[in-house]
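These notes are meant for a colleague who is opening this structure for the first time. Please keep the sequence and the 3D view at hand while reading the numbered points.

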Amino acid sequence: MTRISWFRGAEIHKSAYLDEAVFAIEQATVFVQSWLYLCHGSQIPTAGDYFTTELASQPLVAIRQKSGEIKVLYNRCPHKGVKVLAETCGNSGRFLRCPYHAWTFKPSGELLGIPVKTEYDPDVLSGCEASAGMKVVENVVCYRDFIFVRLSDHGLPFERFFGDSLSTLDNMIDRSPQGTLRVVGAPLRHRHHCNWKMVMDNQTDTCHPMVAHESSAGEAINLWAQAHPQRVQPMAVELFSPFMSSLTFFAEMGLRVWPNGHGHTGVSHSIHKDYSAIPGYWESMVESYGEERAQQILNDTRHNTVYFPNLMVKGPIQTLRVIRPVSASETVVESWILELIGAPQKMLERTVQYNNLINSPCSMVAHDDVEMYERATIGLKSQASEWVNIARLYEPGERWDRTSQMSGTSEAEMRNFYAMWQRMMEAGNEKS
């Protein structure tokens, strides 16, 4: 691997999307040194509850302790390396037990017991790494029940890494009259044959909806208009309709970028701005926050917030997407939904319907994007050009060390994302 200038201001080299060597560096630098979302506290509410996942190619388990604290362990037995917990979630009971040789561990990861321990020389065993038990992830932050980890000792502190971008999570949480969210059900999981960064690019690309989704969202709107021109749109059509908004609409809605690759569309308004009022919700918000604060919370209708490197949050509709890289050309997208505790049930129904209509593998919208990703993957393999263009509203000398706002149709957040990506990749390339 010799190339380090994958990003040059308004263009990104196609190898960033195609090269397995680039992917390997990403896993060892970008993902290991970033703060990655693991799970939500509501998924492991009681002592012994656990949630397993894989981040930066590392098997991990978050487990609730008796004290209420959440520990994150590498999901690997220190004896023979076997994955200790195979299920996505469950309760460990009083201890964890390896299914291979029955070594047992406390929920904190500490070694509890070894079969026929008398056959081990105590001095030899104490000098082995295995005697320390399951390895603990040291860098863990639980931010208002959202659990993040950083797998490297090197990297920015949590508060500096995210900065003001955490305001998106704050707004989503504050939309609950009780200031509490709960993850509902399993995610919709969709495997894409493309690079993970194509999916991230799409999250702040406001110039494609009225084009790529015309045959799905656009057709649904037209059919309803022809069949019931005088009737109020049902929830499904109301959720579809904004996707066909004009470029002017998206430009005026605005874009905000934060340092370290984070940003969001929808500064002044968004496609989530004009949903029909749900009876009882406003009243419950006013009761909890007062009218002025409730209005402030609900008027902030950010569209897609991208958290570098692989998380996207839609606060107004309470959905969260985790973009999981599998290889240079394969990605798994998980779409989770959250319930606003204390809000009317109809709010959750709208969230469920949005996730099914927009993010499901069988939805009327997501497959449009997937087709574009797969066409791009094929097209980038051609000899036509070495570079991918992200120059819309580009300004020479752009800086990414401060918060900025611009037109909602700018590709500035993509450039902000790749500036952060490039810095981390260069550091990793030098070490390799």
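1. Which order do the strands of the open sheet of three strands have, and is their pairing parallel or antiparallel? The order is β2-β11-β10, and the pairing is antiparallel; two strands count as paired if DSSP finds at least two bridges between them. Because β2 (36-40) and β10 (139-143) each have a single partner strand, they stand at the edges, and one side of each is left without a neighbour in the sheet. From one strand to the next, the twist averages 25°, where axes are lines fitted to C-alpha atoms, for helices over the stretch in contact, and angles run from 0 to 180 degrees between N-to-C directions.

2. Some words on the basis of these notes. The model is predicted, so local features need pLDDT of at least 70 and side-chain atom pairs count only at pLDDT 80 or more, while totals for chains, interfaces and linings use all residues. Residues are numbered from 1 along each chain as its sequence is written, and side-chain values use heavy atoms, with hydrogens and water left out. Helices (H or I, at least four residues) and strands (E, at least two) are DSSP runs, numbered from the N terminus.

3. Helix α6 lies across β10 and β11, and runs at about 160° to β11.

4. Val306 is placed in strand β15 and counts as buried because its relative accessible area is 1%, where buried means under 20% relative accessible area, exposed over 50% and partly exposed in between (1.4 Å probe, protein chains only). Leaving aside residues up to four places away in sequence, Val306 touches Met200, Gln203, Thr204, Gly261, His262, Gly263, Leu311, Glu413 and Phe417. Val306 and Thr168 are 138 residues apart in sequence, yet 9.8 Å apart in space, C-alpha to C-alpha.

5. Strands β4 and β5 run antiparallel and are joined by five bridges, with Arg64 opposite Ile70 in β5. Their hairpin has five residues between the strands, and Gly68 takes a positive phi near 95° in it. Four of the five residues of β5 (residues 70-74) are buried, so this strand is largely enclosed by the rest of the structure.

6. Helix α9 (residues 214-227) has 14 residues that should span 20 Å at 1.5 Å a residue, and its end C-alpha atoms are 18 Å apart, which agrees; the expected span is 1.5 Å times one less than the number of residues. Its residues Ser216, Ala217, Gly218, Ala220, Ile221 and Trp224 are buried, and the buried residues of α9 pack against α10 (235-240) and α15 (366-380).

7. Helix α14 has 15 residues and reaches 21 Å from its first C-alpha to its last, close to the 21 Å expected at 1.5 Å a residue. Among the buried residues of α14 are Met347, Tyr354 and Asn355. Ser360 lies in the loop between α14 (345-359) and α15, and is buried with a relative accessible area of 11%. Not counting residues up to four places away in sequence, Ser360 touches Leu188, His190, Asn355 and Ala366.

Terms used: Contact = heavy atoms within 4.5 Å.
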